[in-house]
Amino acid sequence: MRSRRSLALAVIVAAAILPLTAAASPDSAPPRDSAGGHPVVAWPRVTYPSSAAVREAQRFAARWGDVSFAVIDAGGDLRGYEADRPYSSASASKALLLAAVLRSLKETGEPLDSRTKTLLEAMITYSDNDAGGGVYARVGDVGLEEVAERAGMRDFEVDPGFWGGAQINAGDMARFYYRLERNLVGRYRDYAMGLLANVTSTQRWGIPAAAGGGWRVWFKGGWRPSGQVGTTGAVTHQAALLVHRSGQRLGLAVLSTEAPGEGGGFSAIEGITERLLAQPPRFGRWSAP
């Protein structure tokens, strides 16, 4: 009787151990990264921001009228409000001008000379329009279109001869920033990322103001008051790449026809961002796309 019980117990133990032994065998080793180094960790899929947070942001956006937003999470899903609505870009297109210069330098093999560097720094960190015009004279509409196409921006349209009149939407700008490293090509990528991370303090309203601690933000805004001759009217925009210390990565864009300022476009962008990021990410480390 005991021998039968012992045999049955041995069978059960063997059945339990066999999968563990097989899992440890070379034929079933965990997948490695592209360089053959560390094992790839498959984190559980967590949607962030939560659906409730997105709904709160949508309700807030609806109260403002002509306001749109789009957010892309680690799974590549785009959610938002009126994300396909077109807007005149104003200075939001300067991030594409930056990307166009880097692409030109990569293709020609030219170095980043001091004059170009001065233009880029003024254009991004201080949003200088004369500097933007100087960069635009170098890359032109073709440079902008090439960047937009490679970035997967589906509805981008240039306004020939005027970089600030390009047509953008929140969905496309979120796509551009979510894949920011891929869009800033060549050996000067880190330099360009540094510009977008160090925009002057007086322009760090909206997304960077609302994101708070725990988030690193690379961004560019665009704004224009009403009443300017030769324009389509007031706009206030911001778009950004956000990376949390937990590893969570987001592409976010908020566009509007609100006039810039507190109580206007600045408050609209900040309010939407606050609602989307109301709860910090719980966990998850995601690689760059």
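Buried here means under 20% relative accessible area, exposed means over 50%, and partly exposed is anything in between (1.4 Å probe, protein chains only). The model is predicted, with local features needing pLDDT of at least 70, side-chain atom pairs counting only at pLDDT 80 or more, and totals for chains, interfaces and linings using all residues. Residue numbers run from 1 along each chain as its sequence is written, and side-chain values use heavy atoms, leaving out hydrogens and water.

Helix α3 itself covers residues 94–108 and spans 21 Å from first C-alpha to last, close to the 21 Å expected at 1.5 Å a residue for its 15 residues. With 11 of those 15 buried, α3 is largely enclosed by the rest of the structure; the buried set includes A99, A100, L102, R103 and L105.

As for its neighbour α4, the two helices pack at an angle of about 160°, their axes 10 Å apart. That angle makes α3 and α4 roughly antiparallel (over 145 degrees; under 35 would be roughly parallel, 65 to 115 roughly perpendicular and the rest oblique). K94, A95, L97, L98 and V101 of α3 meet T116, L120, M123 and I124 of α4, contact being heavy atoms within 4.5 Å. By class, this contact has seven nonpolar residues, one polar and one charged.

Key:
Helices (H or I, at least four residues) and strands (E, at least two) are DSSP runs, numbered from the N terminus. The expected span of a helix is 1.5 Å times one less than its number of residues. Axes are lines fitted to C-alpha atoms, for helices over the stretch in contact, and angles run from 0 to 180 degrees between N-to-C directions. Ala, Val, Leu, Ile, Met, Phe, Trp, Tyr, Cys and Pro count as nonpolar, Asp, Glu, Lys and Arg as charged, and the others, Gly among them, as polar.
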